[in-house]
Amino acid sequence: MLWLTGIVCLAVGLVAGLLIARRISGSSPAKVSELETRIQELQRHHAQYRENVSDHFNTTAELVQHMTESYRDVYQHLAGGAQDLCTEDVASKLLPAAEQTMFYPADDDSLEPPKDYAPKKAPGQSGALAENFGLDPDNGQSKEKSNKNNNKQTVNDD
């Protein structure tokens, strides 16, 4: 009798476990294909959104460029009118000085790379913008780190 009770309990447990497992997993082929379709739809929507954003910013850049050109044309018209119609004092206030010309293209020759103004102890020493600045030439460590290591060794020797 004990045998029979054990086998019946095992069978009931297996059936209950299978039912619970199916209910929890719920991964039917129809649901999987539905989710894959939804993912593809979302990916297409996201790609379209990115394209719309890109188009928007391209259009915005073009419009700002046109606005800048129109502003420059209006400014040049006003400055020319001031030069022709106003006195020299008023025209000089409206016309840009040589160093303040905002709308006139700068010469490429006038542009210079940044200069290294770090103080040098010796003429052959590398400046602060050099790749090896502040490094010990022997082992590549910074001089501060090597000095700290030397100080620690001196303290430990005492």
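This is a predicted model: local features need pLDDT of at least 70, side-chain atom pairs count only at pLDDT 80 or more; totals for chains, interfaces and linings use all residues.
**The whole chain**

Begin with the entire chain displayed as a cartoon. Its secondary structure consists of four helices and zero strands, and the order along the sequence is α-α-α-α. The chain exposes about 14,700 Å², of which carbon and sulfur atoms supply 58%. Of its 158 residues, 5% count as buried. Among the contacts with a separation of 6 or more, residues 24 or more positions apart account for 15%.

**Colouring by confidence**

Before selecting individual residues, colour the model by pLDDT. The average for the chain is 76, and 65% of the residues score at least 70. Select helix α2, residues 29-85, where confidence is highest, at a mean of 91. Then select helix α4, residues 143-157, where confidence is lowest, at a mean of 50. Over residues 152-158 the pLDDT is below 50, and this stretch has zero contacts in the model beyond near neighbours in sequence.

Select residues 2-25, which form helix α1. The helix has 24 residues and reaches 34 Å from its first C-alpha to its last, close to the 34 Å expected at 1.5 Å a residue. Is α1 largely in the open, or is it buried? Of its 24 residues the number buried is zero, so α1 lies largely in the open.

Now show the side chains of Met 1, Leu 4, Val 8 and Val 12. Together they form a nonpolar patch on the surface, with about 460 Å² of accessible area. Centre the view on Val 8, a residue of helix α1. Val 8 counts as partly exposed, because its relative accessibility of 44% falls between the limits of 20% and 50%.

Proceed to Arg 38 and Glu 41. How many salt bridges does a search of the whole structure find? The search finds one. The side chains of Glu 41 and Arg 38 meet in a salt bridge, with 3.4 Å from N to O. The two residues are three apart in helix α2, so about one helical turn separates them. An α-helix has 3.6 residues a turn, so residues three or four places apart point the same way. With the surface displayed again, both partners can be examined: Glu 41 is partly exposed at a relative accessible area of 40%, and Arg 38 is partly exposed at 44%.

**Ala 91 in helix α3**

Finally, select helix α3, residues 88-94, and centre on Ala 91 within it. Is Ala 91 buried or exposed? Its relative accessible area is 4%, so Ala 91 is buried. To see its surroundings, show Ala 82 and Gln 83; Ala 91 touches both, when residues up to four places away in sequence are not counted. Gly 80 and Ala 91 are eleven residues apart along the chain, and their C-alpha atoms are separated by 8.6 Å.

Conventions: Residues are numbered from 1 along each chain as its sequence is written. Side-chain values use heavy atoms; hydrogens and water are left out. The expected span of a helix is 1.5 Å times one less than its number of residues. Buried means under 20% relative accessible area, exposed over 50%, partly exposed in between (1.4 Å probe, protein chains only). Contact means heavy atoms within 4.5 Å. Accessible areas come from the Shrake-Rupley method with a 1.4 Å probe; for residues, only the protein chains shown count as cover. Patches are made of residues with over 30% relative accessible area and no salt bridge: like charges are joined within 9 Å, nonpolar side chains (Val, Leu, Ile, Met, Phe, Trp, Tyr) within 5 Å. A salt bridge is a side-chain nitrogen of Lys or Arg within 4 Å of a carboxyl oxygen of Asp or Glu. pLDDT is the predictor's confidence in each residue, from 0 to 100.
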